[in-house]
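Hi,

Here is the structure I said I would pass on.

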Amino acid sequence: MNKDMSNKYIIKGATGDWEIVVGLEIHAQVTSNAKLFSGASTEFGSEPNSNVSLVDAAFPGMLPVINGECVRQAVRTGLALGAEINKFSRFDRKNYFYADLPQGYQISQFAHPIVGEGEVVVELEGGITKTIGIERLHLEQDAGKSIHDQHPSFTLVDLNRSGVALMEIVSKPDMRSPEEAGAYLRKIRTLLRYIGSCDGNMEQGSMRADVNVSVRRSGEPFGTRCEIKNVNSVRFVMQAIDYEARRQVDILEDGGTIDQETRLFDPGKGETRSMRSKEEAHDYRYFPDPDLLPLEFDDAFIDEARESLPELPDAKLARFVGEWGLPAYNAATLVGEKESALWFEDLMGHLVKQTGKPAEAIASRASNWMLSDLFGHLNKVGKSLTDSPVSAEQGAKLLALVLDDTISGSAAKDVLDDMIETGRDPAVIVEEKGLKQVSDTGALEAMVDKIMEANPAQVAQFREGKTKVLGFFVGQVMKESRGQANPAVVNKILAEKLKG
Amino acid sequence: MTDLTDLTIAEARDKLAAREISARDLTKAAIDAMEGARALNAFVTETPDRALAMADEADKRLASGDAQPMTGIPVAVKDLFCTKDVRTTAGSHMLEPFTPPYESTVTANLWANGAVMIGKANMDEFAMGSSNESSYFGAVKNPWRLGDTDLVPGGSSGGSVAAIAARIAQGATGSDTGGSIRQPAAFTGTVGLKPTYGRCSRYGMVAFASSLDQAGPLTRTVRDSAIMLGAMAGYDAKDSTSVDTPIPDYEKALTGDIRGLKIGIPKEYHSDDTPKEIEALWQQGKEWLREAGAEIVDISLPHTRFALPTYYIVAPAEASSNLARYDGVRYGHRATLEKGDDLNEMYEATRAEGFGAEVIRRIMIGTYVLSAGYYDAYYLKAQKLRTLIADDFHKAYEKVDVILTPTTPNPAFAVGAKLDPIAMYYNDVFTVPASLAGLPGISVPAGLSSDGLPLGLQILGRAFDEETVLKVADVMEQAAGFTARPGVWWK
């Protein structure tokens, strides 16, 4: 499973094939009540400039004080990325002027990040996996927001985000396709959500990515890269890479060269455009922030952080497949979102209790039911798992009825519809609608006899070897029983009787 | 009865405790003296109404027996400490209209102790200067004069020392980045103590160079310095670089007994450029301490000559970043703009108008030494030298308990005399090394120059060993018996 393979992604140029090289810098807002260096709230959607302390607004004589929770979350995230935790790290100032940067510098970690190298395994189409290297993770402050469209001549500034803690997760340039970049971004988001260090809400800006793209001919060294800033969805990241790689190939094939520059992605047009060139690039004049002591911690702190981690998605996937025998696709889909994995585990817990059967005997069917039936029905009514009217316990009750042959799979779908609409108990629905399936061999044999008698031609066909007509007889029995016949029992009886 | 303004903090404290005098009377005397000394330009903002209200509170505390050592003592506050609802300018046009809605920890500690603020003292702009001539609010005049010639009081805590030397306030807060407490104390015949870096909180103190800035007291006596430091110091969770060690009773350290203490004399502080009378005073200081039973030990601080260039890289580098927040966006001065001017034009005009020449010079130097291509050659090298300079002291303190040096290479000079910035920077030559090492130092008035101007001697100590520094300073003060005072020409 952990074997590195790749779906070769090639841009066919007029002069030959081009490979693309992608690295991501993901900015993830740390889940914490207060900012990285001040006590101000981090609540999303507050009135402009309502979550601003004197520190965030950089009043004279104000000093930053590190929020220990943000440090803990960064360490937990580093551990989840399988990365090296640096017991010594330090904050630097990144100096530049902008109206929404009150201090005139961003406090970041330049020379000594809190987390060093690590790696994550991403799942690609067709069950292929690829390992993406992590270069580093560091803590830094977010800036405020400049708003240019609220007043004809003024720019307005909202400092609510000023000083909010971000983790910048820098990958190695290991991705070779938009798909890999998308899978990597999703994987990081999944990991962050599992451990609760970031809510991963890209549309609210709590996660965004700077995308570095270059192209080269196979076997050549890395080309000059362009950095596309602040891309805020998985789809946009993939679109931006595709557009940018093709743009670069076009330039190179026309005999041009790539300028190292910072670019912006325009989601409306699906294009990237130049923001500033290398010549216009800032000299950030990084130096250690003299207002802060270096971060230093011991093994006990790291151990405590490690113990606080939940089961991570890779381990969960391995357990679902290895212990419960889930198909790899089902397992990967369920594990992809923390909510669905936990819901499934909850479902299994109830189901094992209710049926008395071992988990591995029923997990596969339960996963199929959840992925196709439950998700399908929820989708139809525009709901998700988090606001599902059917609890895992109710789901288990319904599945238990299927597993002990009380109702058929098709009847179960009707019951689920009802449950989603009314929230009623499945047993009540089955009773009321008379959906209990007939498994009584005597009654079914009589039914089969009657149908065979009425259809002698088809019986003859079967006996001449056209066994496909079996389906016709099953259908007739189901019709006769108004869908309540147990198909397995019906099949068995038909097989015996048709043989003659 | 002696003039109330002549009382030291210790004397005033005892009289207040005995109810011989009231805080209100003491404060009124200070206000009268302040108003009568406007010719010195020692204050940017006078706060007489607030002072009287604080004095009345102090009298209530004194009456109820709830008094602390500084209760009822009039204090001048360097205009670098943010004071809630009282304008705080840092001597700059940039902050001319700035009134903070918060209080610095050091002043909050003083007010909690019962001290009375009479006003905000003038200072070099953003504490950058050694003569108090860079203040946007005009130069401060030293109460000491040379005939009719006005002298500088030193800097950057020039207004604070002038208020002490002119018998306006009993104590004043100062801040010392490279000598801004000790050098002006030496120029005015007052006592200036720079505590160990981390001893006093920097919260609410307008930052110049964060790794060097340290608040400290300016007083007339060593005993007063001990009393006032106790009321200013302390750990503060709001300043990550403040240190959580207990505050001793500094006054108790003044035992007068320095027998057996080892006094280091660093050979590198001798210079042919130093006037003979300062060398002679240094010799005299050694004798006083030897006579009191201390042992004089010759030591070496080999990297001393690198201290001044190191300081003038590190401090401007930090300043260039610390002062970036003064951009006209949120508070303070903002230039009047033409329609259509953009953000960069606002920054440029605002900062060009808001900062004076010395501040701009240091921002430029600091920006330069941190720039790509120069960082390693300047900033990084300076940091390495800073470590070596600190190591010099650590090694020296394996052999000695304190170090004795002159405070300054010259007495107070005339207003406008030093136009060359490098000549001005040279004033810090004896004070800067201890600043780079974060160590405590005190300047004690020890004698007069041939022109009759005060000269100071400096005692440096181990980190967080202000007690020994104060103990030795107290003994030297007694031995020197410095009683000279400037003639009162300013009324």
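Ser156(B) sits in the loop of chain B that runs between strand 3 (116-121) and helix 5 (158-165). Keep in mind that this is a predicted model.

Two other loops of chain B have a backbone detail to look at. Asn41(B) lies in the loop between helix 2 (23-36) and strand 1 (43-46). Its phi is near 60°, which is a positive value in a residue other than glycine. Asp85(B) also has a positive phi, near 65°, and is likewise a residue other than glycine. You will find Asp85(B) in the loop between strand 2 (74-78) and helix 4 (105-113) of chain B.

Are these two residues buried or exposed? Asn41(B) has 20 C-beta neighbours inside 10 Å, so it counts as buried; the cut-off for that is 20 or more. Asp85(B) has 11 other C-beta atoms within 10 Å, so it is exposed, given that 12 or fewer is the limit there.

Now for chain B as a whole. The chain has 15 helices and 11 strands. Along the principal axes, its C-alpha atoms fill a box of roughly 70 × 55 × 50 Å. For 491 residues, a compact globule would have a radius of gyration near 23 Å, and the 21 Å of chain B agrees with that. Of those 491 residues, 60% count as buried. As for the contacts in chain B with a separation of 6 or more, 77% of them are between residues 24 or more positions apart.

Helix 6 (residues 328-336) packs with helix 8 (residues 359-380) of chain A at an angle of about 60°, and their axes are 10 Å apart. Because of that angle, helix 6 of chain A is oblique to helix 8 of chain A. The crossing of these two helices of chain A is left-handed.

Which residues make the contact? From helix 6 of chain A they are Asn330(A), Thr333(A) and Leu334(A), and from helix 8 of chain A they are Ser367(A), Asn368(A) and Leu371(A). Sorted by type, the residues of this contact between helix 6 and helix 8 of chain A come out as two nonpolar, four polar and no charged.

Cheers

Definitions and conventions
Residues numbered from 1 in each chain as written. Chains lettered and ligands numbered in written order. Predicted model: local features only at pLDDT ≥ 70, side-chain atom pairs only at ≥ 80, totals over all residues. Helix = DSSP H or I, 4+ residues; strand = E, 2+ residues; numbered from the N terminus. Rg over C-alpha atoms; globule rule 2.2 N^0.38 Å. Contact = placed C-beta atoms within 7 Å. Axes fitted to C-alpha atoms, helices over the stretch in contact; angles between N-to-C directions. Parallel < 35°, antiparallel > 145°, perpendicular 65-115°, else oblique. Left-handed = near helix turned anticlockwise from the far one by under 90°. Nonpolar A, V, L, I, M, F, W, Y, C, P; charged D, E, K, R; others polar.
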